[in-house]
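Dear colleague,

Please find the structure below, handed over for your records. A short account of the findings comes after it.

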Amino acid sequence: GGSGIGRAVCQRFAKEGATVAVVDIDKGAAEETLRTLPSDQQQHLLFVTDVSSPEHVHSLMADVQGTFLVTQAVAKALVASGAKKGSIINVGSIVGK
């Protein structure tokens, strides 16, 4: 979510009231995205992570191996939070390679 489509998606979902996790390999870009997000009632998160690196993804989410397991872990946390509804949207790019 540090730039381009990722940033635009983060901004849109935050505008719609979602709490957003900005994940990017570029800390400065991720911080810039975070600064652009409305934060009236949300506490957005920032993670500097190389999603192409299993070690980095593992440090982001314990026992995570790829997009499916990240989604599964986030879904469990969403259910545990007691949220009445929610969405998980995965966005990826080959630009970071």
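Predicted model: local features only at pLDDT ≥ 70, side-chain atom pairs only at ≥ 80, totals over all residues.

Residues are numbered from 1 along each chain as its sequence is written, and side-chain values use heavy atoms, with hydrogens and water left out.

Overall make-up

The protein chain contains four helices and two strands, where helices (H or I, at least four residues) and strands (E, at least two) are DSSP runs numbered from the N terminus. Read from the N terminus, the order of the elements is α-β-α-β-α-α. Of the 97 residues in the protein chain, 20% are buried; buried means under 20% relative accessible area, exposed over 50%, and partly exposed in between (1.4 Å probe, protein chains only). The protein chain has an accessible surface of about 7000 Å², and carbon and sulfur atoms hold 55% of that surface. Accessible areas come from the Shrake-Rupley method with a 1.4 Å probe, and for residues only the protein chains shown count as cover. Among contacts (heavy atoms within 4.5 Å) with a separation of 6 or more in the protein chain, 38% are between residues 24 or more positions apart.

Salt bridges

A salt bridge is taken as a side-chain nitrogen of Lys or Arg within 4 Å of a carboxyl oxygen of Asp or Glu, and the count by this rule is three.

- Arg 12 and Glu 16 are joined through their side chains at 3.2 Å, N to O. Arg 12 is exposed at 52% relative accessibility, and Glu 16 is exposed at 55%.
- Lys 27 pairs with Glu 31, with the closest N and O atoms 3.9 Å apart. About one helical turn separates Lys 27 and Glu 31, because they are four residues apart in helix 2 (residues 27-36).
- Glu 32 pairs with Arg 35, with the closest N and O atoms 2.9 Å apart. Glu 32 and Arg 35 are three residues apart in helix 2, so about one helical turn lies between them. Glu 32 is partly exposed at 31%, whereas Arg 35 is exposed at 58%.

Surface patch

Ile 5, Phe 13, Ile 89 and Val 91 form a nonpolar surface patch with about 380 Å² of accessible area together. Patches are made of residues with over 30% relative accessible area and no salt bridge, with nonpolar side chains (Val, Leu, Ile, Met, Phe, Trp, Tyr) joined within 5 Å and like charges within 9 Å. Ile 5 lies in helix 1 (residues 4-15) and counts as exposed because its relative accessibility is 64%.

With kind regards
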